[in-house]
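Visitor: I would like a close look at a single part of this protein. Please take the salt bridges and go through them slowly.

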Amino acid sequence: MYADDRVLVGVIKRVKDLEIARQRHWYRIPLRQMPRGIEAEYIALFLSASSFGDAGGAIAAFARITGVELARRRDLLPEEDKRAEELYYKVQFRHLIEKDPPIANEPRRSFSFIRTTWDRFISADSIPDLYSDAGFYVDRLYYAR
């Protein structure tokens, strides 16, 4: 883990998707939302408060990315018919690590993805800390693109 490792924070809105991440070790991202690619060494997962209640509203877990491939939704979630032909990145990892303490969404912000760096991620207490431009952090814009 290096200070300039890139971290991509994604949102988990369904309990089913968190189960997939924990048991099958992957997370899906629509290609249309990341047309230039993933470009990250780590994936972090924000659990939405609307689906996870008290356990949600925070970045609760992360993992080192071990692979990324393109797949159609029907291949990832064959039991779901909606958007079956849509392309997704299947971001693979070995196992999720609980973020202790989780990174709180204070003040509450709405987002789909956040790109940040490892040094910001590991020291963050809240979402705004992921955007910090303090002089002792690496150049986030350069590394997080």
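Is Arg-32 buried or exposed?

Guide: Arg-32 is exposed, because its relative accessible area is 57%, and exposed here means over 50%. Keep in mind that this is a predicted model.

Side chains of opposite charge can pair when their charged atoms come close. Arg-32 has such a partner in Glu-86: they form a salt bridge in which the closest N and O atoms are 2.9 Å apart. The two sit in distant parts of the chain, 54 residues apart, with Glu-86 in the loop between α3 and β5 and Arg-32 in the loop between β2 and β3 (42–47). Glu-86 has a relative accessible area of 17%; the limit for buried is under 20%, so Glu-86 counts as buried.

Next, take Glu-80 and Arg-14. Their salt bridge has its closest N and O atoms 3.0 Å apart. Glu-80 belongs to the loop between α3 (73–76) and β5 (87–93), while Arg-14 belongs to the loop between β1 and α1, so the pair ties together parts that are 66 residues apart in sequence. Glu-80 is buried, at 11% relative accessible area. Arg-14, at 25%, counts as partly exposed.

A further salt bridge is formed by the side chains of Arg-74 and Asp-75, at 3.9 Å from N to O. Arg-74 is partly exposed, with 36% relative accessibility, and Asp-75 is exposed, with a relative accessible area of 53%.

Some salt bridges share partners. In this way Arg-14, Lys-16, Asp-17, Arg-28, Arg-73, Glu-79 and Glu-80 are joined into one network.

One more feature is worth a look, the largest pocket. It holds about 690 Å³ of space. Its lining has 30 residues, and the closest to its centre are Val-11, Ile-12, Lys-13, Tyr-27 and Ser-112. Two or more lining residues come from each of β1 (6–12), α1 (15–24), β2 (26–30) and α2 (49–52). The largest share, five residues, is from β2. Sorted by class, the lining has 12 nonpolar, seven polar and 11 charged residues.

Conventions: Residues numbered from 1 in each chain as written. Predicted model: local features only at pLDDT ≥ 70, side-chain atom pairs only at ≥ 80, totals over all residues. Heavy atoms only, no water. 1 Å grid on protein atoms, 1.4 Å probe; cavity = no way out; pocket = protein on both sides within 12 Å on 5 of 7 lines; lining within 4 Å. Points joined across faces, edges and corners; volume = space filled by probe spheres on them. Helix = DSSP H or I, 4+ residues; strand = E, 2+ residues; numbered from the N terminus. Nonpolar A, V, L, I, M, F, W, Y, C, P; charged D, E, K, R; others polar. Salt bridge = Lys/Arg side-chain N within 4 Å of Asp/Glu carboxyl O. Buried < 20%, exposed > 50% of the residue type's maximum accessible area, 1.4 Å probe, protein only.
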